[in-house]
Every structure is written in structure tokens, then in C-alpha cells.
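Please open the structure in a viewer and keep the sequence at hand. The tour goes from one selection to the next and says what is there.

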Amino acid sequence: MTDNLYSEPSIQVPTLSHLEEIAQRWGLRLKGSEDLREYQKFMKSICDGLSEVDRLPEPTLPVKYPRTPGYRPAPEENKLNGWYWKTDIEGAKTGKLAGKKVAIKDNIAVAGVPMMNGCTVMEGYIPEFDATVVTRVLDAGGRILGKSTCEGFCLSANAYTCNKGPVLNFHNPLHSAGGSSGGSGTLVASGEVDMAIGGDQGGSVRLPSCWCGIVGMKPSYGLVPYTGAMSIEPCLDHLGPMARTVNDCALFLEVLAGYDDGMDPRQPPNIVVPEYTKELQVDNLNGMKIGLLKEGFGLPQADPRVDQMEKDTVTKLTEAGATVEEMSIPIHAKGPSIWNCFGVEGAFNTMIQQQSTGIGYKGFYPTSMTSFQGRSMKTSVNDLSHTMKMTLLFGEYLKENYPGRFYSKGQNVTRLIVKGYAEALEKYDVVAMPTIPWTAAKLPGKDVSTFDYMVNAFASASNTMVANVTGLPALSVNAGFVDGLPVGALFTGRMFDEVTLFKVGHVFEKLTSCQK
């Protein structure tokens, strides 16, 4: 147990003028200052108790391995801007990740190492705990080389909203690495690390994996603990592995997955983690059925060459014994709008009002993180990206005018899209589509309009948002290149059936390798 590095002073009893202001804001009809004094008198006893609790030592997450704080790399050491912060933390001497170099997305706490989450609102925060996935990497023998750059509060599918500048694509630095885990993607692609952890609320593991030409898995909801990471909306939050090969991605998931002893409410307690890599010893997909999702192709911005490459490469799975045919899940096209129903209001509630953790659950709360953000948001709100400012404005608008209506409707309608996928996955083992049906976009210039800034920040997530809504696992694997830029194939499977996705991805990787 440790004292909180960012603990607030003992709570002050609210003044009568402050209570009067709150009452007026809510339209409370009171008996003047007489009622307020009575309320204030009762509140004092509550404040006394809260101050006593505040002085208690607080259980937190363990820090098992020594480290130094590291440093912010100079531009010549960080040419792609993939690093936010560099350090060097060695884990156990042996384990599944022995000899592997790892980057941690900068929305995930690493004790003693600065954490910014892509925005100067958080700059200066240093967590005193390791996120559960960080401890698991180190326990497995991994070597953490630093924190990878992410988008401003992770709210972008592109790679230009971070206050430290855009993340450049390894294959062409004039183009985006994808977001919001762009730093993780470009560091893996460039070979600076073997593996990286990404976060995924709307596609942010799979999108940079696609545009960087690597492999990324958004696991089933709850498979990997989110404990110690900054949230966007708890029902959308995922952490997942990114690597250059399907085998390494599967190996990494073996380490990251598993129950966290009740610390993360997203997790069911009966999680079983297979040895995914042992399941990859297959050369055929005999008896498997792959569905090419009609609604995943022909999107408004789609490049027909990318769509065709996806169809051609997935069809090659027939050479390994699989059946591949076109199929339809009509409600897939509504996925982004369903995501927005609770994603925007949920993000406003979680990131703006509740300091990126959410409330009302049993488990670990990163007190220092929420306290720091709560204070900094008041003084540095203008440092937010346009995507975050839009979320603040529209989230407040929804709260004031349609309180809870669209959040609730979105959560309920989610059952329809879950049903649509469940019915499809009774017939097919895997559903396939392009991860992004166009190649990496050019990074915008300084004269880009605010509207275009936001459109391009979200457009590429049209196919990926759905798996965050349903919670189903989804794997992006490189399918080839168009104009020298990578194209990704996205495979979605049944809940907690990552094994099948890895099998398909592994065979797909082998069949398409000769084209790359």
C-alpha cells in the first residue's frame, strides 16, 4: 500500500454561497439560507468522515521491477514520432517474452514513467503503479523500451491529434500511421520493438496495424484486463497485442489475457486462456467457412483496388480448404451510428466528467490519475484536440437536452447488431472485410479546416467500430500493398474464439506472403 502522490487535501465543507449557487443552477426551491445552513451542518459530518478516509493508506497495483524515469527522445532519435517517452525496464530473466522488446501505449500506466495520453492536459503526470498488462509483460520476460505516442485522449482513428505532433507512417512518412495506437504501429513496423500494446475503443489496435502493415488483435471484450489504463467508455474499452507476425501476436495475447482477480469489471471470472501459438500448427482450413461481408465493401471513400485486393486475398483461403462466399449482415452499416449513440455521451461522461475511469463499479480506481486530470482539465481545456472539444460540446448538449436517451437507446439497439453477427457466425466461422478500404491517408497541412480535421479523424473506423459495439474479437492482418502502402484484411470471429481467428490469420499470412 502507498500514499497517493496526487492526493487532494482534506475536503472542505462547502460554503453557503457555493451551496446557493448549486441550488440556483438546479432550480431548487428552498427556505432561503435557513435550509442551506441545515444542509451545510449535515454535510460537515460527511466531510469529517471523508477526510478520515482520505488519510488512510490506499491499496494500489504492484510495481515489481526497478526502473529509471527515462527521457523524452530528441527528434533525431524519434524520426517517426512513435515514442512519447523512452525508458528501459527489464523484466524476469525467463518467460514467453524473453528477448522481446515491447512498447506500451501511452494511455497505460507505467510506474515512475511520465504519461500524457496524447494531450498536454495530462503532461506532468507520473503514475505510481503499473497497469496489470505492464506487470504481465515484465513477468513474462519482456523488456519495455518506452511509451508509444497515442492520439489526444485516444480519440482519433488517424494520427495527427497528439499535442506532440503527428505519428509518421514507416512506409511513407508523408502519410498517417493510423490511430489512436499509431506510435505502437509504426514502432513495430520499423523494427524498433518486436511487439506493442495498443488500446482499442473503435478500432485503434486494428487501424494502425492495417496502415503500418503489421498484425493487430482486438480481443474479445474482457479477455485482457484494462486495469490501470485510461478509459474512453468502459463498455468499449479493449487492450490488445500488435506484432509483425500472427505467431508473435498470438504469443503476446497468451501473456496479456486472463482474469485480474476482480480489479477490472469488464472481465468475467471464468476466462480460459489457451496456448494460442500451439493452435497455429496448421496448414489447412478444411471445413471452415469464411464470409465476405457485403456491407464492408464499397464504402463512400473506398479505393476499388483495396476492395478487390481484399476479395482476391481472402479467396485464396480456398487453396487451404476453406469455403469463401459473399454474405450480408445489413445492420453492420449502422455500426458507427450505434457506436456514436453511447460512444459520444459515454466518452463525455467518462473522459470529461469522470476523469477517464468511469464510476459505479467494483475494482481498481487510479486515484492519482483521476485527481490529476480533474485539476488539469479545468486549467488546460483549450489544449484538447478538436475531436475532444467536439465531444465536450456535443456531450454536454446531449446531457442537457436528451439526458440518457441516446446512450440508453444505443445500448439497447446493440443487441440487434449482436444478434445479426451471432446469426452470421452460426453459419460462418469468420467474417472478413477490409480493415480500412483505402490506404494510409496523407497527413493534413496546417491549413486544414476543423471540419475536415474531424472527418478524417474518424472516417477510417467505419468497419472496425462494430466489433467494439459487439465485443467480438477481430484480427487485422496485412493483405499486401497498393502504391507502396499496406492494406489490411479484417477477420471477425465468435466471442472468446481467438483461436479460430489466429488459425485463419496464420494461413492467410502464409498464402499472401509471396505477394508482398
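The stops below begin with aromatic rings, go on to helices, and end with loops and backbone angles.

**Aromatic pairs**

The model is predicted. A pair of aromatic rings is described by the distance of the centres and the angle of the planes. The structure holds 11 aromatic pairs.

Select Y125 and F372. Their ring centres lie 5.5 Å apart and the planes make an angle of 45 degrees, so this pair is tilted. What does the pair tie together? Y125 is in the loop between strand 2 (101-105) and helix 3 (132-139), while F372 is in helix 9 (residues 367-380), so the pair ties together parts that are 247 residues apart in sequence. Are the two residues buried or exposed? Y125 has 0% relative accessibility and counts as buried; F372, at 10%, counts as buried too.

Next, select F342 and Y407. This aromatic pair is edge-to-face, with 6.1 Å from centre to centre and 75 degrees between the planes. F342 belongs to helix 8 (residues 335-353) and Y407 to helix 11 (residues 405-427), so here the parts tied together are 65 residues apart in sequence. F342 is buried at 1% relative accessibility, whereas Y407 is partly exposed, with a relative accessible area of 24%.

**Helix 8 against helix 11**

How do the axes of helix 8 and helix 11 cross? They come within 8 Å and cross at roughly 145 degrees. The crossing of helix 8 and helix 11 is left-handed.

To see the contact, select G335, I338, C341, F342, E345 and G346 in helix 8. On the side of helix 11, they meet F406, Y407, G410, Q411, V413, T414 and I417. The residues of the edge-to-face pair, F342 and Y407, are thus both included in this contact list.

Now pick T350, also in helix 8. T350 is buried, with a relative accessible area of 2%. Leaving aside residues up to four places away in sequence, T350 touches S231, I232, E233 and P234, and also Q355, S356, T357 and G358.

Select F394, Y397, Y402 and F406. These four residues form one aromatic cluster.

Two lysines are the next selections. K289 lies over the face of Y428, 5.2 Å from the ring centre. K311 lies over the face of F297, and its distance from the ring centre is 5.0 Å.

**Helix 12**

Go to helix 12, residues 450-458. Which of its residues are buried? They are Y453, M454 and A457. These residues cover an arc of only 90 degrees around the axis, which puts them on the same side of helix 12. Show helix 10 (386-401) as well: it is included in what covers the buried residues of helix 12.

**The loop between strand 5 and helix 4**

Select G178, in the loop between strand 5 (172-176) and helix 4 (182-190). G178 is buried, with a relative accessible area of 0%. What does G178 touch? Not counting residues up to four places away in sequence, its contacts are A157, N158, A159, P208 and W211.

G178 and S460 are 282 residues apart along the chain, and their C-alpha atoms are separated by 8.7 Å.

**Backbone angles**

Most residues other than glycine have a negative phi, and most peptide bonds are trans. The last selections depart from these patterns.

Begin with G179 and S180. A cis peptide bond joins them, and omega is about 0 degrees. S180 is placed in the loop between strand 5 and helix 4.

Then move to F153, in the loop between strand 3 (143-148) and strand 4 (168-169). F153 is not a glycine, yet its phi is positive, at about 55 degrees. F153 is buried, with a relative accessible area of 1%.

Finish with C154, whose place is in the loop between strand 3 and strand 4. C154 is not a glycine either, and it has a positive phi of about 65 degrees. With a relative accessible area of 5%, C154 is buried.

Key. Residues are numbered from 1 along each chain as its sequence is written. This is a predicted model: local features need pLDDT of at least 70, side-chain atom pairs count only at pLDDT 80 or more; totals for chains, interfaces and linings use all residues. Side-chain values use heavy atoms; hydrogens and water are left out. Rings of Phe, Tyr and Trp (its six-membered ring) pair if their centres lie within 6.5 Å; planes under 30 degrees apart count as stacked, over 60 as edge-to-face and the rest as tilted. Helices (H or I, at least four residues) and strands (E, at least two) are DSSP runs, numbered from the N terminus. Buried means under 20% relative accessible area, exposed over 50%, partly exposed in between (1.4 Å probe, protein chains only). A charge sits over a ring if NZ of Lys or CZ of Arg is within 6 Å of the ring centre and within 35 degrees of the ring normal. The arc is that of the directions from the helix axis to the C-beta atoms. Contact means heavy atoms within 4.5 Å. Axes are lines fitted to C-alpha atoms, for helices over the stretch in contact, and angles run from 0 to 180 degrees between N-to-C directions. A crossing is left-handed if the near helix is turned anticlockwise from the far one by less than a right angle, and right-handed if clockwise.
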